[in-house]
Amino acid sequence: MKAYFVISALALSFAVICGSASANAATVNAPAASAKTAETWLDLPQQDLVYLELSQGVVVLQLADQFAPAHSQRFRQLVKSKFYDGLTFYRVIDQYVLQAGLPEGESHPSGKAQQWPAIKAEFTWPVRNTDPYFLIEKNDVYAKETGFNQGFPVGREGNEEWLLNCANMISMARDPAPDTGTTDFAIMQGQAPRHLDRNMSMFARVVYGGEWLNLMPRGDRNINSGVIEKAAARGVIVKATMGNELAQNKQLPLQMMNTQSSEFEEKIAKHRARDGEFFHYKGLGKVDICYQQVPVRLRPVTASAAKTEN
């Protein structure tokens, strides 16, 4: 229903050419005592998860109410109204973006007219000092600093914060004007298009099943900006469902590594040091935040739980 995800060929080329560079990251994130006592894994609430049943497999998204409440709430409304059921990924550019929704000029599978008002952009918001923030780098190419806030990659400058366009992050597609997002969404892939930071309303991320997105039919980036004209040739969203509306045996018990835990701190420190025997050049002690994402796993089944299920 919304015009194609806005980006020019020049901007896309710029994203491919530019790498990331940064100065020294601060060595302190959370107080040592709290890191030692923090749980290593945190359950992801089912009410924050969206299950996309694709023709290829199931992909799970985590909504970011705390950062883009208007967009995440709109997405919830669309999912609950079954808006996405039967729609397609109509614009897919390899190693860049997968855009889904209802293209201009096409009818909704339900046969009903779809009119959703545009949402005010949520590009940035004020920094909240009480948020569990883990600093990764200072003086990033596109931000004064980068870090993880509640599992999501963010940039910060002064009192301003925003979500980063890392792979598997999701934004609402829009026209050139900022306050024009309605229903169509875009999942970023490949090399992070960080030049889009603070230009898109990011509201979710893929936390499970991302491998199925790699099987999505691709368009040609040089022909109509990657739009797949024939609907029959596109990947299909069979059904979209909120996690808390699924039967319990259909819910995936997903957990995210706690960025305030000592285990996460050690994980980042090892990545920064490149301490494996394979590495002869140890680098400059930098971490690319889009490369080092927060791990998500299925909660291990304990012996007692397995006995209960049996």
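A: Asn149 has Phe152, in strand E9, as its bridge partner. This bridge belongs to a model that is predicted. The two strands concerned are E8, residues 143-149, and E9, residues 152-157, which pair in the antiparallel sense over five bridges. Strands of a sheet pair through backbone hydrogen bonds, in either a parallel or an antiparallel manner.

E8 and E9 are part of an open sheet of five strands, ordered E6-E10-E9-E8-E7, with antiparallel pairing. At its edges lie strand E6 (125-126) and strand E7 (133-140), each of which pairs on one side only. Helix H4, spanning residues 262-273, packs on this sheet and touches E7 and E8; the direction of H4 makes about 25° with that of E7.

As for the setting, the secondary structure of the protein amounts to five helices and 16 strands. The protein has 310 residues, of which 48% count as buried. Among contacts in the protein with a separation of 6 or more, 74% come from residues 24 or more positions apart. The accessible surface is about 15000 Å², and carbon and sulfur atoms account for 54% of that surface.

Lys82, in the loop between helix H3 (69-80) and strand E4 (88-93), has a positive phi near 65°. Lys82 counts as exposed because its relative accessibility is 54%, over the 50% cut-off. Gln95, in the loop between E4 and strand E5 (97-101), likewise has a positive phi near 65°. With a relative accessibility of 46%, Gln95 counts as partly exposed.

Note on methods:
Residues numbered from 1 in each chain as written. Predicted model: local features only at pLDDT ≥ 70, side-chain atom pairs only at ≥ 80, totals over all residues. Heavy atoms only, no water. Helix = DSSP H or I, 4+ residues; strand = E, 2+ residues; numbered from the N terminus. Buried < 20%, exposed > 50% of the residue type's maximum accessible area, 1.4 Å probe, protein only. Contact = heavy atoms within 4.5 Å. Areas by Shrake-Rupley, 256 points an atom, 1.4 Å probe, with all protein chains shown as cover. Pairing = 2+ DSSP bridges. Axes fitted to C-alpha atoms, helices over the stretch in contact; angles between N-to-C directions.
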